[in-house]
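Please open your viewer and keep the sequence beside it, because side chains of opposite charge can pair when their charged atoms come close. This tour goes from one such pairing to the next.

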Amino acid sequence: MRRSAAPSQLQGNPLKKLKFIPPARSNPSPDEGITKMSPDVKLIEVVGSPNTFLQLKSNPRICSLNLPTEGSAREINHGCNYSEKHCSEASVTATLDLRHTVHSDPKEITVSKGQEEEEPDSLVKYFSVVWCKASKKKHKKWEGDAVLIVKGKSFTLKDLEGKDIGRGMAYKLKELEKIEEGHRVMIGGKEVEVMGIISPDDFNSGRCFQLGRGSPAISSSSQAAKKCFSNPFKSVCKPSSKENRLGGFQDCKPRHDPHAPNSLVMSRPDNNHQWMFNKKGFPVVDVVIDPHLVYHLRPHQKEGIMFLYECVMGMRVNGRCGAILADEMGLGKTLQCISLIWTLQCQGPYGGKPVVKKTLIVTPGSLVNNWRKEFQKWLGSERIKIFPVDQDHKVEEFTRSPFYSVLIISYEMLLRSLDQIKNVKFGLLICDEGHRLKNSAIKTTAALISLSCEKRVILTGTPVQNDLQEFFALIDFVNPGILGSLSFYRRVYEEPIIISRQPSASEEEKKLGEKRAVELTCLTGLFILRRTQEVINKYLPPKIENVVFCRPGALQIELYRKLLNSQAVRFCLQGLLGNSPHLICIGALKKLCNHPCLLFKSIKERECSSTWDGKEEKSLYEGLVDVFPADYNPLMFTEEESGKLQVLLKLLAVIHELRPTEKVVLVSNYTQTLDILQEVCKRHGYTYTRLDGQTPVSQRQQIVDSFNSKYSSDFIFLLSSKAGGVGLNLIGGSHLILYDIDWNPATDIQAMSRVWRDGQKNPVHVYRLLTTGTIEEKIYQRQISKQDLSGAVVDLTKTSEHIPFSVEELKNLFTLHESSHCVTHDLLDCECTGDQDGTE
Ligand SMILES: Nc1ncnc2c1ncn2[C@@H]1O[C@H](COP(=O)(O)OP(=O)(O)OP(=O)(O)O)[C@@H](O)[C@H]1O
Ligand SMILES: [Mg+2]
């Protein structure tokens, strides 16, 4: 029997598992960053000269690429290992990387810095007190609890929201020096009675505010929780007493045998839990995961189910039933939830009674059908009756019928059908891709809260700790009020943490911020679980990442030079970034890298409709049309005009010839680029299918299924990474080509995870195409340096608009390196000369 331990990160001393990221330098210049790349990254191939292949490998000596043959797959594994390492380092469990968050004026909460800086730490004392306005009344009416901080002659009084309610210098020093439990003192016009001494640790961690609030914050270990034990109760059944299982309660047997080999048994509720939730004194029965499911579960999924169960049952945090499962993409969050739902709908710890009758799953529209398929895959169609809402299946049908127990609905449809949904009592709410709830002001969040379902689970592949305000919103959604009010949270956690990360922070501020961050992570770590791709890599076939540097075509180079000489770019370099002209310039350069005809089209469209995005855009494009041949027709574009397109065609030809049964997923961030790639497919007779933002949601799953089918004749899947990426399984393809690069590495990782995921049978080859010497190389360098420096993956929603560029950085971005074959290689300090010709 396996009575599984709860997920390791949350057991024992949680502090040990935390990785605290000290304040990182923000926005290092790309050149600076690239020198920090791992020396393991080596240039290994020159393909179809003058284009360059760079493969991420740990073995720098292997210098041949070509499409892998069986024999070469082993060496390719090295590359895979490197990239795995790279990926996993990029996403760290339970870290707080807050470089993006600056919300407040640091000075607001520093405690009278001037006077206190010289005082050594040991002289600071902290007290929990009650206070009231000074008066002569005999019977005081205390107005509230507070924390008194005494440092030499100075004192500060903070209420339990962390707000200063009094401060100053002591009138009589002796009074402050002697202060101890039970004393009453007058300070700053307030009378204060000392209730107890607070340890520096409790103050620094912010715990003194938590406990003072009387909130039953953390389960068994917290003082609040202990109070419950002090009152013995009769009706509670002893957890493992034989009588409970047998005599008198024959019906209350576990649904599955807890003693069978490999059985997965959930934690039993402790006395406190029984006291709260088993008032009728039902016998405690083992909750055992259906062996049919257990057979398929990976070890991390078993732990995940245990974690989810404990959270939603309120076993981890007293009286709180929320959880965030933030496993990286492809780790099978869906299966973990399906197992949870199936278990809770059939079983429960008290008398075996099911805990949940109906479950609501809210998910992006494109994944409603994916959920249906996953239910079908793991539980078949008989065990559980699910109701996915689509055009033909309306919510009313679900509300009218007692037949269905799971409603699967898109976020959009939820808003439209809220009134009907409110009529149903859901016992469990699952929000897939739930990072969209990070803004508490949005309608969706309010709508979900209005359903008043206590057991709430957020699923997200995105790290949730990058922004402290968003973090609060997610936490407060799953476990309302656990971090106190927003203003309390800001004062006690957010502000000290942010201040501590600023370069000007004093030692004291740094220490306080770190402690508060640790405390916050401990508190929330009880119900957040994140595992990285590492846990699943061993079940997946190898992944080989290749970075292919492609020389630009002649027309591209000429246009690039012209763009860099435009007035708009010059303005940017003078620091005139008022209307964000740099974003327009960056956009134009990126288009040009994909294909010059895209630029041509943009100019013509703007000219025709006279809708320039301000004078900056007009000046950027001035005289550019003259560089194109006089009779240039963007629809008749040639492949030679784009270096990347040439390489792409060679690559496709080789894959098609050497691996006729393997398929390719071709990704771009732009629909217009996908149009070009589609045209190229037609010209060369490659069969294809396509999914982008325009594809009706109702058709998406069908397109995906048909591509994944072994009977599909499609060779290429054209995918718009931003529009269709999240959550999709494209395991039918084993070659992934990223035609353009995004500022946000998470977008690319997201795309890669579509193909390299559970169910993939072939080794996966990822090719990233970059135009040499151009902005694409700079973005790539920035991606790498960012990951290496911070160890944190950025949020998917962050785009270039969110990136602050210094003029120095723009200078670097707006430079074309014509003489170098590969700037990245030059920066790598690589021993190889980069001129091996491994082409043929
Ligand atoms: N134990 C398993 N054995 C085999 N396949 C599995 C297992 N667990 C999950 N899978 C499969 O792995 C794929 C990815 O799972 P899923 O879509 O749940 O990932 P996810 O964690 O939700 O990722 P994302 O963040 O991308 O949505 C699915 O096809 C799923 O059926
Ligand atoms: Mg998912």
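A salt bridge here is a side-chain nitrogen of Lys or Arg within 4 Å of a carboxyl oxygen of Asp or Glu. Keep in mind, as you select residues, that the model is predicted, and that a search of the whole structure finds 27 salt bridges.

Begin by selecting Arg268 and Asp286, which form a salt bridge whose closest N and O atoms are 2.9 Å apart. This pair links distant parts of the chain, since Arg268 sits in the loop between β10 (264–265) and α10 (271–277), while Asp286 sits in the loop between α10 and α11 (291–294), 18 residues apart. Are these two side chains buried or exposed? Arg268 counts as buried because its relative accessibility is 16%, and Asp286, with a relative accessible area of 2%, is buried too.

Next, select Glu662 together with Arg659, where a second salt bridge to visit has its closest N and O atoms 3.2 Å apart. Both Glu662 and Arg659 are buried.

Finally, move to Lys158, Asp164 and Arg167, which are joined into one network by salt bridges that share partners. Within this group, look at the salt bridge of Asp164 with Lys158, in which the closest N and O atoms lie 3.0 Å apart. If you colour the residues by accessibility, Lys158 counts as buried, because its relative accessibility is 8%, whereas Asp164 counts as partly exposed, because its relative accessibility is 29%.

Technical notes:
Residues numbered from 1 in each chain as written. Chains lettered and ligands numbered in written order. Predicted model: local features only at pLDDT ≥ 70, side-chain atom pairs only at ≥ 80, totals over all residues. Heavy atoms only, no water. Buried < 20%, exposed > 50% of the residue type's maximum accessible area, 1.4 Å probe, protein only. Helix = DSSP H or I, 4+ residues; strand = E, 2+ residues; numbered from the N terminus.
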